[in-house]
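Here are a few notes to go with the structure, written for reading with the viewer open.

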Amino acid sequence: MNPSIFDEDGGRPCIDCPEYVSLDAADKLERIWAKILDYEYPELPTDWLHSRADRITTDSVPDRERVNMIFDRVSDERPPNFPRMLHEYGSIARVAFVPAQPLGSHAFTGFYGEGNELGIIRVTFCAPMDGAKLGLRVPFAFAAKFLRDGIHSSNILTCEQQGVEGAERDPSMFSVFKHVLHTSATIPQPADRFFSLAQNQTGTLSVADNTWFWKNGSIVEKPVTPLIIHYFPNDALNTKEEYDEDFRLELLEIPEGSVLYTAYTEVDDEGDSTICICHETDEGGIPCSTWDSLNERCNLVELGSLVLRSRFVHSDYGDNGILFKHYRGKYNRIPSWTFHRGV
């Protein structure tokens, strides 16, 4: 499906339209969530990309336009006929970002400074690979979207750093909540070819937009932005010795009100944002990414926690209708498109 097909029967308020953007955040969330529930799957789809003859490959995405869409489109909805290239099936839920206490304990602004109760999170695999065939565990990811009054949404994109411990196919490691996720991660071939069409730094995504605006839609006068954010999972959610490889079955058991992840960033001795490097390579430094290395070698500051506000849902619209906008790593100031309120 795609958004045009989702709306064929009519009668549903639009999402990819100026009227939606001008709404208060609470009204936007209700509109999106209603559409997610309208298109819950009667049965979970299992035709993963790696198992399909017509699966998407780098050869089938030859032009920059298709890859650049996820960076350039300013909408909460995907365009028609635009299947996901990596994160095809997921579990989606309502979520809040509860800021670290006391407020003002760090200098970061916008979303990270005040929090936001009005969001959604979509948990997925980070790559469309056949883990069983390759003898590896497929890495995890999540994307989150937080609504703001009268302007475009705030988006968070994460992925697990590939090649760290826990990559073996151990059923105890199939739990989503045993793995740290990051806003920047090394992307291996051939997936890095997708992102190289859109930006030079294939594993780096900016989080600056989340610090440029308050949730009421006003502009932050002096934004302070983290360079990288690490989402530490709530270990209390790991209650079993073995987990199903299909994480969607496991997430149904997570109770509303649970803390899912706690967000941390790195600062230097002066409190300024930095990236803590654990390994040097010919291509440059590799940021620390494991529980142990981040805690032992980096000066971490807590930003807040993602808290579950509904059950997890499996929805065709959640998988194929919602767009989680990506931000290029080069952004360090507000781009001109962000000033177009209501469009």
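This is a predicted model: local features need pLDDT of at least 70, side-chain atom pairs count only at pLDDT 80 or more; totals for chains, interfaces and linings use all residues.

1. Start with Ser-91, which sits in strand S1, residues 90-99. Is Ser-91 buried or exposed? Ser-91 is buried, because its relative accessible area is 0% and the cut-off for buried is under 20%.

2. What does the Ser-91 side chain make a polar contact with? The partner is the side chain of His-314, at 2.8 Å. Leaving aside residues up to four places away in sequence, Ser-91 also touches a set of residues that includes Ile-121, Arg-122 and Val-123, along with Phe-247, Arg-248 and Leu-251. Phe-312 and Val-313 are on that list too, as is His-314 itself.

3. Next, the strand pairing. Strand S2 covers residues 116-125 and is mostly covered, with eight of its 10 residues buried.

4. S2 also pairs with strand S3, residues 140-146, again antiparallel and through seven bridges. Here Phe-125 has Phe-140 in S3 as its bridge partner.

5. Now for the surface. Leu-227, Ile-275 and Ile-277 make up a nonpolar patch there, with about 220 Å² of accessible area together. Ile-277 belongs to strand S9, residues 277-281. With a relative accessible area of 31%, Ile-277 counts as partly exposed, because that class lies between 20% and 50%.

How values were computed. Residues are numbered from 1 along each chain as its sequence is written. Side-chain values use heavy atoms; hydrogens and water are left out. Helices (H or I, at least four residues) and strands (E, at least two) are DSSP runs, numbered from the N terminus. Buried means under 20% relative accessible area, exposed over 50%, partly exposed in between (1.4 Å probe, protein chains only). A polar contact is a pair of N or O atoms within 3.5 Å; within protein, one must be able to donate a hydrogen and the other to accept it, and residues adjacent in sequence count only if both atoms are side-chain atoms. Contact means heavy atoms within 4.5 Å. Two strands pair if DSSP finds at least two bridges between them. Patches are made of residues with over 30% relative accessible area and no salt bridge: like charges are joined within 9 Å, nonpolar side chains (Val, Leu, Ile, Met, Phe, Trp, Tyr) within 5 Å. Accessible areas come from the Shrake-Rupley method with a 1.4 Å probe; for residues, only the protein chains shown count as cover. A salt bridge is a side-chain nitrogen of Lys or Arg within 4 Å of a carboxyl oxygen of Asp or Glu.
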